[in-house]
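Thanks for coming, everyone. Please look at the screen, and I will walk you through this one.

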Amino acid sequence: MARRIALLCGGASGEREVSLLSAAAVEEALQKRYEVIKIDTGVEGWAHALLDSSVEGVFICLHGGAGENGSIQGFCESVGLPYTGPGVLSSAIAMDKFVAKLLVGSFCIPTPGYIRVLRGEECNIEDIRTKLGGKLVVKPSTEGSALGVSIVDNGDDLACAIDTALELAPAVLVEQFISGRELTVAVLGGEKPRVLPPIEIIPANEFYDYEAKYEQDMAQHICPANLTEEELRQCEEMALGAHEALGCYGVSRTDC
């Protein structure tokens with residue numbers, strides 16, 4: 001008899017539709033070995049449905065929001081259900097870009113210079129530009145999939161970008177723009193994590209935004225990336241360092 005696995009998907013975040021698409025692919029793969037009970041956490045009564053499902057574990061296929069910030073992880077732990085991916089604390093930390101930057105920085109992993117802007121506080125645009133320079137990246141601190149992310153060059157655009165990002169999250173990061181290749185590196189495991197080959201991403205748009213991530217033919221993915229031995233070593237060290245600094249378990253992905 002096939003083991004029963006709950007597949008949590010959908011939810012109520014801005015990435016709901018992407019989660020449902022991901023879940024369709026994950027369900028097809030899981031069904032080869034398990035009996036899959038798909039549950040949409042954006043529908044009322046989902047928690048009761050999960051508790052009544054008699055599953056042995058949970059595959060979390062939620063994007064953003066409660067699915068990645070430790071909330072769902074905490075619920076699963078409270079009812080004794082094992083689940084995929086990092087635990088409560090590491091999920092919460094990794095989903096908050098400000099806290100994550102503080103932690104990885106303490107492990108001597110370089111990240112772009114930044115200033116945090118909080119909703120409701122005064123924001124001096126000229127002061128930000130003086131400290132960080134010309135071209136800047138603005139992003140909500142607790143959103144995924146590049147939602148609310150902008151790249152700006154001037155003060156007027158910066159103010160608008162900050163306001164837009166603050167509509168999605170109570171805190172925003174304004175970072176130095178770093179020009180370079182887009183690489184993403186996955187790490188698998190817990191006690192003895194293993195770094196997978198880096199993937200180079202070449203987006204059709206200015207950067208790897210929401211459209212480039214999820215629309216067909218809007219980005220190329222080159223695996224393994226064409227890197228020198230030294231570049232490969234640096235990518236592997238940073239990805240593994242971030243995985244360990246944030247206390248991740250199971251799987252993580254670091255963008256370089």
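How many disulfides does the structure hold? The count is 0; a disulfide here is a pair of cysteine sulfur atoms within 2.5 Å.

Before I go on, some ground rules. This is a predicted model, where local features need pLDDT of at least 70 and side-chain atom pairs count only at pLDDT 80 or more, while totals for chains, interfaces and linings use all residues. Residues are numbered from 1 along each chain as its sequence is written, and side-chain values use heavy atoms, with hydrogens and water left out.

Back to the cysteines. Take Cys123. Its sulfur is too far for a bond, because the closest cysteine sulfur, in Cys160, is 12 Å away. Cys123 is partly exposed, at 33% relative accessibility. For these terms, buried means under 20% relative accessible area, exposed over 50%, and partly exposed in between, with a 1.4 Å probe and protein chains only. Now Cys223. The closest cysteine sulfur is in Cys235, 12 Å off, so that is too far for a bond as well. Cys223 is exposed, with a relative accessible area of 52%.

Next, the overall picture. The protein chain has 9 helices and 12 strands. Helices (H or I, at least four residues) and strands (E, at least two) are DSSP runs, numbered from the N terminus. Of the 256 residues, 40% count as buried. The C-alpha atoms fill a box of roughly 65 × 45 × 35 Å along the principal axes.

Strand 1 (residues 3–9) is joined to strand 3 by 4 bridges. In one of these pairings, Ala6 has Val58 in strand 3 as its bridge partner.

Last stop, helix 9. Helix 9 covers residues 229–245, which is 17 residues. From first C-alpha to last it reaches 24 Å, close to the 24 Å expected at 1.5 Å a residue; that expected span is 1.5 Å times one less than the number of residues. Which residues of helix 9 are buried? They are Cys235, Ala239, Gly241, Ala242, His243 and Ala245. The buried residues of helix 9 pack against helix 5 (97–106), strand 8 (182–189) and strand 12 (250–255); contact means heavy atoms within 4.5 Å. After helix 9 comes Gly247, with a positive phi near 70°.

Definitions and conventions
Two strands pair if DSSP finds at least two bridges between them.
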